[in-house]
Structures are given as C-alpha cells and as structure tokens.
Amino acid sequence: MRCRREEGIAKSRYAGDIVLLAKSERAAERLLETSTQYLEEILGLKANREKSRMTSVFAIRNFKFLGFCFGKNGKGIYVRVHGKSRKKAKDKLRQLTSRSRCGIIIRTMEKIKVYIRGWLNYYGIADMKNDIESLNGWLYRRIGMCIWKQWKLPKTRMRKMIVLEVDSYYAATIAYNRKGYWFNAGNKAVNWALNQERLINWGFYDLATAYQSLHINY
C-alpha cells in the first residue's frame with residue numbers, strides 16, 4: 001500500500017482487501033455502496049467491482065480473508081483457518097515427507113520445523129486444536145513411513161527395531177511382511193519403536209505442543 005496525505009486526509013493509491021461488517025443485509029447493501037463511492041470519489045482508488053460482494057462471514061465457501069474465516073458455536077464467534085489454507089499446508093508437508101524426496105530424515109525434520117514454525121506464527125491466533133492434533137498424528141506417521149523405507153532390507157528393519165526395544169518376535173513379524181510403507185508405519189510395533197518422544201529427541205517439531213504454547217500467548 002502506498003499512502004500520501006492531502007488536506008489532513010491519508011490517501012491510499014493502492015490498497016489490498018478490506019472487510020466491512022454490518023448487522024443486516026440491508027445495512028450491508030448501503031455500506032457496500034457508500035464505501036465504494038468513498039474509495040473511488042474521495043480517495044481516488046479503483047474498487048474491483050467484480051470481487052466486491054456481500055456474504056455471510058460464516059459461509060466458508062464464500063468467505064475467506066487473508067487465509068482465515070470465522071466459526072460460531074455456543075460460546076460465541078471464533079477465528080479459524082480456512083480449509084484451503086489448511087490443505088495448502090498439508091500438501092506442503094506431504095511434499096516434504098514424500099518417500100522419494102525426504103532424503104536424510106534429520107534434515108527433513110528440520111525443513112518441517114522451519115516451515116511449520118512460520119505457518120503457526122501466522123495462523124496461531126486461530127482456534128484449531130483438533131485440526132492440529134489430527135495433522136500432528138498424520139505427520140508422525142509420514143515420518144515413520146520415510147524411516148521404514150530407508151531401513152530397506154528386512155534384516156535391517158529387524159535389527160533396528162530390536163535396538164529400539166521391540167521384542168524380537170514382533171520385530172521379525174513386521175520386518176518380513178510384504179505390506180506397504182504407509183501400512184507398516186501404522187503398525188503398533190513400529191509406533192513403539194518410533195514413538196513421539198523418540199522422534200522429538202531426534203529433532204521432530206511437535207505441532208500440537210508448539211500450537212498450544214503459541215496459542216496461549218495470544
């Protein structure tokens with residue numbers, strides 16, 4: 001945005017998105033008309049009439065502002081992350097944990113940490129405890145999938161799991177099965193070997209803990 005002051009009034013030559021709130025549809029119609037006139041006739045800005053519209057802030061399909069939307073429950077109105085913004089974040093994490101691209105797992109977890117820390121710093125104001133916990137569990141399994149693939153040979157998998165305190169019988173059973181990487185990443189024995197505490201010690205950035213810590217400060 002570029003601004004200059006004329007006759008005591010700050011004038012913007014360029015402006016981004018603006019949301020104006022009204023209590024009724026009739027009031028919104030008047031507000032849309034008067035605000036458009038003010039932007040164009042007083043401030044000399046060009047309003048995008050194709051994008052300027054009225055909608056309920058709770059209509060998630062029609063309302064999105066800077067990646068956020070609003071929700072309403074018995075406790076009142078709350079801010080939430082728009083579905084498209086959540087999907088974009090999950091797609092990025094899916095890309096970082098791709099079986100064919102994750103590379104050295106320690107570096108992958110560092111990339112996740114850098115990305116998700118910035119994402120949470122922006123969206124941390126929103127109420128998304130359940131969404132974050134779900135995403136966190138999914139991401140742990142993605143990391144487990146990558147590690148399972150990198151262990152490659154059945155004898156290597158069995159040896160690694162025994163070192164990580166899995167009973168030798170269960171380690172052999174899971175190591176020599178022919179199930180896919182994602183399936184095995186959800187196996188109880190693998191979850192025991194690659195538990196959350198262990199992965200955090202290896203550098204995993206726990207989303208739920210980070211969100212809870214950040215959200216409390218807002």
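This is a predicted model: local features need pLDDT of at least 70, side-chain atom pairs count only at pLDDT 80 or more; totals for chains, interfaces and linings use all residues.
Helix α5 covers residues 154-163 and helix α6 covers residues 168-175, and their axes come within 9 Å of each other while crossing at roughly 150 degrees. Since angles over 145 degrees count as roughly antiparallel, α5 and α6 are therefore roughly antiparallel to each other. The handedness of this crossing between α5 and α6 is right-handed. On the α5 side the residues that meet the partner helix are P154, R157, M158, M161 and I162, and on the α6 side they are S168, A171, A172, I174 and A175. Sorted by class, the residues in this contact of α5 with α6 comprise 8 nonpolar, 1 polar and 1 charged.

The second topic is empty space, which shows up when a probe the size of a water molecule is rolled over the atoms. The second largest pocket holds about 190 Å³ of space, and its lining consists of R86, K87, A89, K90, W119, M128, D131, I132, S134, L135 and W138. Two helices, α2 (83-96) and α4 (129-151), each supply at least two residues of this lining, and α4 gives the most, with 5 residues. By class, the lining of the second largest pocket divides into 6 nonpolar, 1 polar and 4 charged residues; among the residues that line this pocket are the charged R86, K87, K90 and D131, while S134 is the polar one.

Key: Residues are numbered from 1 along each chain as its sequence is written. Side-chain values use heavy atoms; hydrogens and water are left out. Axes are lines fitted to C-alpha atoms, for helices over the stretch in contact, and angles run from 0 to 180 degrees between N-to-C directions. Helices (H or I, at least four residues) and strands (E, at least two) are DSSP runs, numbered from the N terminus. Angles under 35 degrees count as roughly parallel, over 145 as roughly antiparallel, 65 to 115 as roughly perpendicular and the rest as oblique. A crossing is left-handed if the near helix is turned anticlockwise from the far one by less than a right angle, and right-handed if clockwise. Contact means heavy atoms within 4.5 Å. On a 1 Å grid over the protein atoms alone, a cavity is a set of points where a 1.4 Å probe fits but cannot get out, and a pocket is an open set with protein on both sides within 12 Å along at least five of seven lines; lining residues have an atom within 4 Å of a point. Grid points are joined across faces, edges and corners, and a volume is the space filled by probe spheres set on the points.
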